Amino acid sequence: MAQSNLVVKVLDVSRVAPMPHTHNSTTQTSLPLTFFDVQWLRFPPTQRLFFYKFPYPKTTLIDTILPKLKHSLSVTLHHYIPLAGNLAWPLESGKPIVQYNEGDTVSLTVAESEANFYELSGNSFRVAKELHYFLPYLLASQTRVPAMALQITLFPNAGFCIGYAANHGVIDGKSIAMFMHSWASICKRDGESTLSRELTPIYDRTIVKDPSDLEEAYLNGWPADNGANNRSLEFRDMKAPPDAMLGTFQLTKANIESIKKWVEAKWQEKRTKKLAFHPSTFAITSAYTWVCLIKTRKLTTKKVYLVFNVDCRARLEPPIPSTYFGNCVTGCIVDADTNKCMEEDGLAIAAWAIGEAVGGLADGVLKGAKELSPNILSRLKEGGLVSSIAGSPRFELYKTDFGWGRPSKVEVVSIDKTEAFHLSDSRDGNGGIEIGVVLRKHETESFASMFASGLEYHQVREN
């Protein structure tokens with residue numbers, strides 16, 4: 001894509017305030033952080049783009065799209081007040097808080113671009129840094145950083161995209177997906193402010209228990225994080241490789257089912273004890289992508305690691321509501337022998353390892369959580385390749401319809417810094433999984449070939 005076509009012209013930068021309450025409200029609202037939030041302090045913001053086809057002229061986009069999006073955003077923020085606030089670290093406090101003061105707002109940038117909308121929102125590999133033109137930034141200081149920022153970019157005669165940057169110390173993927181669904185629902189209903197029970201956030205922090213004092217362990221872990229100032233809220237300096245390329249791959253429901261059968265058959269071959277093993281869609285998709293990455297990079301390390309987040313809401317004792325707002329995830333680490341993963345049975349070995357790790361969560365979702373210090377990834381990288389997973393198909397992001405149809409593409413751009421691959425529901429809604437990966441330019445052809453040939457192999461075996 002030619003650089004000259006990527007010019008983004010900023011049309012407006014405004015501040016959107018929550019729609020005023022109809023009843024008397026306090027001038028300040030604050031939320032204490034839990035240990036779930038503390039572990040994400042300084043982690044780079046989550047940045048995601050939602051592309052929508054809307055092939056109308058610029059005047060139509062400005063007169064039709066923008067007023068509805070802005071008004072419905074204000075109405076939605078009435079329900080999601082903390083997102084208009086900041087993560088702050090008061091001098092008198094031992095930890096940060098999420099703080100909203102009357103008058104706080106969300107930054108909304110409106111821009112226009114002549115870039116090729118269809119290339120940007122396609123599946124083929126694109127230069128990752130070029131997608132950052134369509135994203136807002138969170139300006140962090142040592143003592144304060146916004147919870148969220150938004151950008152709407154218009155592509156005349158093609159469509160528009162909505163980009164957000166969300167502070168991971170304030171909100172996890174489940175909560176930000178709930179916010180986006182709420183905004184879309186209110187916009188689609190012309191600003192009608194009621195939300196369904198499934199979209200109404202719960203802010204009660206007392207329902208999160210911390211009997212193992214994980215909060216103290218995570219707060220104490222920060223001084224070891226590159227020797228950084230323990231009280232700083234500035235994001236860790238994680239940079240994407242200059243030639244990072246972002247591409248999208250699909251596993252259809254049929255692909256997943258055929259791989260499942262193959263993995264189950266391998267399990268029966270290898271195990272003398274007839275223990276049941278039924279790999280989940282998550283285990284199969286993650287293992288398939290992980291093994292393709294391992295083979296692409298021709299690793300020589302002894303071990304490879306996969307790190308993924310687990311939503312704890314339903315797994316805690318007692319469970320907490322699915323609409324709890326904030327972070328409520330813990331990490332799960334899987335390791336495997338590198339050489340075995342590159343053998344013919346490598347996919348099965350990887351799927352078994354992931355399945356076993358997920359099964360182990362039944363013993364207690366926070367078992368071993370104290371070892372998940374902020375610099376755990378740095379330590380793991382010393383021993384081998386670390387892959388991680390962002391997102392979840394359960395967020396159903398392709399159902400985020402503001403009234404002009406489903407997104408033509410949802411993209412997580414921030415994986416260019418974290419080396420994660422991203423899992424999402426499929427746009428066609430037929431049970432497939434969409435996978436976003438970031439690779440160095442010289443790795444892209446090899447990975448694409450590996451991914452396609454693996455599917456052909458399993459299709460042939462199935463037939």
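The following questions and answers walk through selected features of a predicted model.

Residues are numbered from 1 along each chain as its sequence is written, and side-chain values use heavy atoms, with hydrogens and water left out. Because the model is predicted, local features need pLDDT of at least 70 and side-chain atom pairs count only at pLDDT 80 or more, whereas totals for chains, interfaces and linings use all residues.

Student: In the open sheet of six strands, which strands stand at the edges?
Tutor: The sheet has the order β1-β6-β9-β10-β3-β15 with mixed pairing, where strands (E, at least two residues) and helices (H or I, at least four) are DSSP runs numbered from the N terminus, and two strands pair if DSSP finds at least two bridges between them. Two of the strands have a single partner strand each, so one side of each is left without a neighbour in the sheet. These edge strands are β1 (8–16) and β15 (409–412).

Student: How many bridges join strand β9 to strand β10?
Tutor: Strand β9 (residues 148–155) and strand β10 (residues 159–166) run antiparallel, and phenylalanine 155 stands opposite glycine 159 in β10. The number of bridges that join β9 to β10 is eight.

Student: At about what angle does α2 run to β9?
Tutor: Axes are lines fitted to C-alpha atoms, for helices over the stretch in contact, and angles run from 0 to 180 degrees between N-to-C directions. Helix α2 lies across β1, β6 (106–113), β9 and β10, where contact means heavy atoms within 4.5 Å. The angle of α2 to β9 is about 165°.

Student: Is asparagine 157 buried or exposed?
Tutor: Asparagine 157 lies in the loop between β9 and β10, and has a positive phi of about 65° although it is not a glycine. Most residues other than glycine have a negative phi. Buried means under 20% relative accessible area, exposed over 50% and partly exposed in between, with a 1.4 Å probe and protein chains only. Because its relative accessibility is 51%, asparagine 157 counts as exposed.

Student: Which residues is tyrosine 56 in contact with, leaving aside its neighbours within four places in sequence?
Tutor: Tyrosine 56 lies in the loop between β3 (46–53) and α2 (58–79), and at 41% relative accessibility it counts as partly exposed. Leaving aside the neighbours within four places in sequence, the residues in contact with tyrosine 56 are Leu61, Pro156, Asn157 and Ala158.

Student: Why do the buried residues of α6 line one face of the helix?
Tutor: In helix α6 (residues 214–221) the buried residues are Leu214, Tyr218, Leu219 and Gly221. Seen down the axis of α6, these residues line one face because they fall within an arc, taken from the directions from the helix axis to the C-beta atoms, of 155°.

Student: Which element do the buried residues of α6 pack against?
Tutor: An α-helix has 3.6 residues a turn, so residues three or four places apart point the same way. The element that the buried residues of α6 pack against is α1 (35–38).

Student: How many residues of strand β11 are buried?
Tutor: Strand β11 (residues 244–251) pairs in the antiparallel sense with strand β7 (residues 126–127) over two bridges, and with strand β17 (residues 433–440) over eight bridges. Threonine 248 stands opposite glycine 436 in β17. Strand β11 is largely enclosed by the rest of the structure, because its buried residues number seven of the eight.

Student: How many disulfides does a search of the whole structure find?
Tutor: A disulfide is a pair of cysteine sulfur atoms within 2.5 Å. The sulfur of cysteine 328 is 5.2 Å from the closest cysteine sulfur, in cysteine 312, which is too far for a bond, and cysteine 328 is buried, with a relative accessible area of 0%. The sulfur of cysteine 341 is 12 Å from the closest cysteine sulfur, in cysteine 292, again too far for a bond. The number of disulfides found in the whole structure is zero.
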